[in-house]
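Hi there,

Here is the structure I promised to pass on.

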Amino acid sequence: MVYGASGDLTSRKILPAIERLHRRRQLPGAFALVGTARTEMDDDDFRDLCSKSVPDAAPGWDELVKGFRYVAGDYTATETFDQLKEVLAEVDDQRGTHGNRVHYLATVPSLFDDIARALGREGMHEPRFDDSFVRVVCEKPYGRDLASARDLDQAMHSAFREDQVYRIDHYLGKETVQNTLALRFANTFFEPLWSRQHIDHVQVTVAETVGVGSRAGFYETAGALRDIVQNHVLQVLAVCAMEPPATLDPTGVRDEKVKALRAIRPWSPSEVAEHVVRAQYAAGWSGGRQAKGYRDEQGVAPASTTETFVALKLKIDNWRWAGVPFYVRTGKRLPKRVTEVAFTFKAVPHLPFATRDSRGLSPNALVLRIQPDEGITLRFGAKVPGGAFEVRDVLMDFSYGASFLQDTPDAYERLLLDAMVGDPTLFIRTDEVEQAWQICDPILEAWQDPAFPVATYESGSWGPKEADALMERDARRWRTP
Amino acid sequence: MAEVATRTLAEWTGRGTNVEEVLSRLEGLRRQGQRTLASRTSVVTLVVRAPSAVDAWDAMATVHHFGGRHPARSVVLVPQPDGPARLDARVSLTAAEAGGHQVWFEDVVLSVSGPAAGRLGSLVEPFTLSDLPLAVWYLGSAPASGDDLLDTADAVLVDSKMAIGEEGGSAADDGPIGALPERATLDAVVDLFGKVPVVDLAWIRLRPWRELLASMVDGTAFRPALANLTSATVTGKASVRALLGGWLSSRLRLPPGALHLNAGRHAAVRLIGRIDGRLATFSTERVPGERLVRACATIEGGPSFTDVLALPAHDPSWALGEALSSLRCDPVYEAAVRAGLS
């Protein structure tokens with residue numbers, strides 16, 4: 001079941017992911033998709049949409065699509081759900097899906113509450129048979145602050161048990177993020193270095209080149225902190241900072257992640273100005289094209305204070321990370337699309353080389369490249385060939401594509417499959433959501449003050465000078481990813 | 001440098017395209033390459049600003065000669081500010097044999113017309129590789145102040161011998177560089193000092209001469225002459241005269257009027273000094289018809305020697321390769337340029 005089936009997320013992510021699962025023969029034979037949305041369409045229109053959404057589909061996709069169904073209707077109307085129940089019963093009979101349901105909420109977040117309550121009211125939250133399952137998958141953002149996240153949880157839990165709720169953060173479906181677990185816990189030589197003893201600081205960068213585009217309506221109510229930091233950044237950070245789990249089962253990993261999130265010190269609203277920078281992109285050049293400023297975008301209020309860029313410093317108060325700052329920056333209209341986590345190691349205690357011979361040497365760094373070109377880079381010093389003893393940085397590069405012959409599954413592909421087989425390890429538990437909001441809420445509160453500055457940065461640059469100053473105060477600088 | 005066998009594995013050409021599509025095609029090609037080839041060099045991202053498509057091809061050919069030392073990615077920009085707004089692109093994946101193993105690298109050629117031709121920095125950044133220095137090579141032009149490519153560059157490469165629109169450099173007119181076309185490049189270079197490291201290919205090509213000259217006076221018997229030089233004569237094209245003359249002026253305490261600059265096809269240097277009243281002569285000059293330099297050091301009534309040095313093959317990729325190996329400020333070069341222009 002896909003709610004919001006006529007929307008962008010369905011055609012851009014969900015349908016292509018289902019097609020790839022089908023191509024890999026990972027979908028169960030008894031599979032069907034039922035779409036619903038307010039858009040008036042019949043089954044054939046929807047099937048046509050499904051075919052067009054995957055223009056390079058493998059043979060067999062059109063055959064699968066023939067079994068897809070569509071119900072148009074309002075999510076608050078009982079008739080919509082009556083019709084859905086009828087269609088689902090037909091699908092069970094025709095395709096053998098045996099009452100197993102994954103309800104995928106791909107609508108705007110404001111509708112999650114209505115849909116969850118309606119599913120409960122209509123009895124669609126319970127398995128139809130003793131041996132069948134019902135799960136609900138929620139897209140981010142999950143709430144817009146701690147209070148609204150708790151309200152949404154209340155609506156979800158009015159119908160579903162926590163173990164039925166799969167809160168998706170597609171970053172967790174990315175191979176490099178999962179590989180962080182392998183890197184740390186399947187090897188002996190990284191983990192001993194993975195602490196305050198050897199790491200000077202960590203930088204997390206999530207950079208986008210695009211502007212707000214046609215999403216101004218949504219973005220004006222969200223901003224970079226809610227859209228990226230509260231979910232993607234804190235999830236990735238939790239995976240990088242957590243303690244070794246006893247097992248990789250859903251409880252083991254998520255318990256450790258939430259412990260790491262709990263150790264992140266929430267800034268009080270009065271500390272926010274010192275540790276957090278918010279900014280909006282101004283006009284400039286990006287990718288060879290002239291770009292307008294955020295406040296000039298269609299649908300953006302001329303005096304908007306919604307941030308398109310955030311830079312912040314986080315501290316993790318535990319034995320492993322005390323004294324190691326985690327710097328985060330994310331923004332739109334930055335020079336390149338890149339997501340990475342860079343661990344910068346402490347400088348060696350003494351360099352036995354002449355200054356002129358070690359000018360090309362930086363501290364060691366381990367960079368987890370999450371996108372694009374997923375992989376890991378290790379930067380270390382090496383001697384330049386020749387009679388002198390000049391040393392400079394070299395890179396050792398691990399690339400997923402080069403090391404494994406099979407295709408890397410797309411994040412949605414992986415997560416959809418996990419939701420179908422019932423593995424919630426890579427989904428976010430309710431306590432993780434709450435903890436992430438505990439970190440973000442004081443920042444949002446401080447930003448309520450109209451006097452809190454909104455810096456600007458030229459489109460196509462790496463952010464405002466205030467973000468540079470945040471690093472310079474600690475005698476550090478941002479990387480150029 | 002030995003000939004390096006390269007072959008294009010895959011390529012894509014797009015007319016009227018955009019950066020996002022070029023990046024996506026590049027990613028596709030890279031995936032293809034990762035399937036077939038074992039390793040990738042990661043040295044530098046090289047950006048070439050070329051005046052024409054023909055120059056762009058020449059630049060790629062030069063770069064390909066690196067073989068195993070090739071930058072991981074080269075981006076060649078051909079700006080045409082006067083045309084209508086448009087981006088044409090060619091991306092290709094090339095393999096080279098180097099030292100018995102195969103490496104691969106990516107080439108991107110972007111022809112940019114319209115206003116974006118004046119904002120090349122915004123085009124280049126999406127193509128840079130993380131953690132690698134970005135070198136911008138101004139081919140056949142001088143870096144203009146305000147060029148946003150300079151904001152992205154970790155180092156700038158120029159060739160002060162190549163006067164704008166005059167291949168090979170100016171040979172006519174004795175004396176200092178004056179208002180010759182090469183001056184524009186060196187003036188632009190001086191503006192960059194202190195802001196970004198500048199590597200001049202002409203300076204690198206003169207390295208054998210400089211090393212030879214330095215080795216001639218490197219000895220107890222000969223070194224005292226440096227303190228008593230009476231004359232220094234540099235022959236060559238304008239930028240050679242400026243660079244070698246400037247180098248000698250800035251490194252040696254030459255008396256006023258002692259430096260003489262003569263026009264000539266090949267570089268030559270002659271230093272005259274005195275040691276305990278005896279004449280000391282040091283000279284370097286090309287052996288006619290050969291890629292050899294003969295150096296002679298003579299002290300009147302005292303020791304003398306001759307040395308012969310083989311110049312590197314006339315291969316533009318040699319100087320470029322050397323330049324990319326040392327992307328840092330060179331105070332000796334900076335002093336030489338300042339003195340050469342004064």
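How many residues of chain A are in contact with chain B, and how many of chain B with chain A? The contact involves 22 residues of chain A and 19 residues of chain B, where two residues are in contact if their C-beta atoms, placed from the backbone, lie within 7 Å.

Before I go on, please keep in mind that this is a predicted model: local features need pLDDT of at least 70, side-chain atom pairs count only at pLDDT 80 or more, and totals for chains, interfaces and linings use all residues. Residues are numbered from 1 along each chain as its sequence is written, while chains are lettered from A and ligands numbered from 1 in the order in which they are written.

Back to the side of chain A that touches chain B. Two or more residues each come from β9 (284-286), β15 (375-383), β16 (391-399) and α12 (400-403) of chain A. Helices (H or I, at least four residues) and strands (E, at least two) are DSSP runs, numbered from the N terminus. The element that gives the most to this side is β16(A), with 3 residues. Sorted by class, this side of chain A has 8 nonpolar, 9 polar and 5 charged residues. Here Ala, Val, Leu, Ile, Met, Phe, Trp, Tyr, Cys and Pro count as nonpolar, Asp, Glu, Lys and Arg as charged, and the others, Gly among them, as polar.

Chain B has 10 helices and 15 strands. Of its 342 residues, 45% are buried; a residue is buried if 20 or more other C-beta atoms lie within 10 Å of its own, exposed if 12 or fewer, and partly exposed in between, with C-beta atoms placed from the backbone. Among the contacts in chain B with a separation of 6 or more, 72% are between residues 24 or more positions apart.

In chain A, helix α9 (residues 224-241) is worth a look. A straight helix of 18 residues would span 26 Å at 1.5 Å a residue, but α9 of chain A spans only 22 Å between its end C-alpha atoms. The expected span is 1.5 Å times one less than the number of residues. There is a bend of about 30° at A:L234 in α9(A), the bend being the angle between axes fitted to the seven residues ending there and the seven starting there. Because 18 of the 18 residues of α9(A) are buried, this helix is largely enclosed by the rest of the structure.

Strand β4 (residues 101-105) of chain A holds A:V102. With 17 C-beta neighbours inside 10 Å, A:V102 counts as partly exposed. Apart from neighbours within four places in sequence, A:V102 is in contact with A:M1, A:R135, A:V137, A:A419 and A:M420.

Some backbone details are also worth checking. Most residues other than glycine have a negative phi, and most peptide bonds are trans.

- The peptide bond from A:K140 to A:P141 is cis, with omega near 0°, and A:P141 sits in the loop between β5 (134-138) and α6 (146-159) of chain A.
- The bond from A:Q371 to A:P372 is also a cis peptide bond, with omega near -15°; A:P372 is in the loop between β14 (365-371) and β15 of chain A.
- A:H98 has a positive phi, near 55°, and lies in the loop between α4 (78-95) and β4 of chain A.
- A:A475 has a positive phi of about 60° and is exposed, with 6 other C-beta atoms within 10 Å.

Best wishes
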